[in-house]
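Reader: I'm new to this one, could you walk me through it?

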Amino acid sequence: FSSTARSPTLIVASAVESSWVSSASPRTNMAPAMPPLGSAVRVAGVLAVLAAQCCDTLKTEGIVALPGNGTIFLTKFCYTYELEDLRHRAGIVNLTVHLPVESHRHHAHVLLFDDEDHSYPGPSDEWNAMSCQQRTQHARVSQRIDWVAASGPEGQRITFGINQKLRPRWWYIAIAECSDAGEDLLVEYQMHATNTGYGWAVEFSTDKRFMPHVFAALLVVYACLSLAQLHSNRAVALRAKDDSANGKAAHPFAQILTAGVLLALGDSLFSALHLAVFASNGVGLAWVQVLSQLLSVTANFVLASLLLLVSQGKCISYVMIANDAWSMLRLLGPFLVSCFFLEMWGESSVSRNYDTNYVYTTPVGWALIFVDLLLLSIYATGLRKTYKAEHSPDVAVFYSRWGVVYGLWFMVLPVTALLAQLVLAPYVSLFISTCAKKCMTAMLYAALVDGLWPGNTRTYFRLDAAETKPQLPGLLGRRHNGLPQESQSAAEKYSFPCSSP
């Protein structure tokens, strides 16, 4: 394999150029020391470092310590393909390398691998056992770093042009040191990867090409849902003639739903903002992405709380009180915090530079999926108990039919992760899983907003305490014909005129 290697599926060209346009960007391979300014500043610093590492910045710089006979992957990038004319480049990698003056004893190379088995099959024992020379031979392109140019003030500027056909491929940019100088080689680099055929989206890797469209659509959906829910709360309050109607607008379930919809709106807004900035400079806004990630996790756990309340029959068969909301917070709060940091850590892991596995098919991802499955088991257990205790046939239909449909939300992430592991190509896993999870979340929020709409007479949801039972039949008191004696008369009077959710 050489810089002029050609094959039926790709053409790769490598050249040393005399000019390269660089711009300031965060160092993604360095974690600056944090001054002792208090725990709040430390937490903010940790989040900032995680953000800089997890944002998949395609214009990046950093310093790496390269051991003798070692290889370090700087990043990976998914390039599109040119089916018609291979003379047009599918993408470009611009790289500038700086070496210290005393590094003349080292022999370093810039290597480009693709995801074909004979190039880079992924992390494995066989790959780890290879020597530096063997890894260099597996590279699709190998460009030796010129010590004279790299130790100069402007560094060595290298451009790789990538053309390929058949399908998009992941490409890995690495630096290898094939001498045994007895000390690490400090390499400073600036790199910028682009998909030149994407027009305004040149900065995006193929796996994230359509992410701006997804979050733009979600922004519109959640803006409408937010306006609808706020209007619903306002309409109930304006029509209130007694404390009961006022209480509907201030009901804990309605408050939680409003908070969840607004959190999802914030996630969509900040994600769209980050992607818009990313499209313009290839870096985006790290703090905005961290904030959107936090809002996304929180919105998901708010929805999980609402679904768990539904599985207990709250606001459908039984009265919900403020203490129920606090109980859910105590139950799900630790999961929320843990999942947020696990997700950030999984995204920022160094292995993301050399592994195409979907983040949810990594060990950290499986831990997050386990949380979803655990919540599903809690939901299913509660729904089964509520269904068995329900004596209204109409409401029992809701639990047996729509309760099961609501529970599918907990299965979206495990199913998409399984598909990513077994079926989906690595460059579409992220897009499909994001669409599936986000769309399912939006549909359930829309269903709940519709269920609490003040003019909806066919809903099963009842926020008025007078319309719901005070306790769960069969759990309290003695039974008489299948019902507690204390609640039998109340249950006999309890019925719903509705026939659909």
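Author: Let me start with a term: a salt bridge is a side-chain nitrogen of Lys or Arg within 4 Å of a carboxyl oxygen of Asp or Glu. This is a predicted model, in which local features need pLDDT of at least 70 and side-chain atom pairs count only at pLDDT 80 or more, while totals for chains, interfaces and linings use all residues. Residues are numbered from 1 along each chain as its sequence is written, and side-chain values use heavy atoms, with hydrogens and water left out.

Reader: How many salt bridges does a search of the whole structure find?

Author: The search finds eight salt bridges. One of them joins Arg140 to Glu116, with the closest N and O atoms 2.9 Å apart. Arg140 sits in the loop between helix 3 and strand 7, and Glu116 in the loop between strand 6 and helix 2 (125–128), 24 residues apart; helices (H or I, at least four residues) and strands (E, at least two) are DSSP runs, numbered from the N terminus.

Reader: And are Arg140 and Glu116 buried or exposed?

Author: Both Arg140 and Glu116 are buried, meaning under 20% relative accessible area, where exposed is over 50% and partly exposed lies in between (1.4 Å probe, protein chains only).

Reader: Which residues are linked with Arg140 in a network?

Author: The salt-bridge network links Arg140 with Asp114, Asp115, Glu116, Arg167 and Arg169. Within it, Asp114 and Arg140 have their closest N and O atoms 2.8 Å apart.

Reader: Switching topic, what follows helix 7?

Author: Helix 7 is followed by Gly282, whose phi is positive, near 75°.
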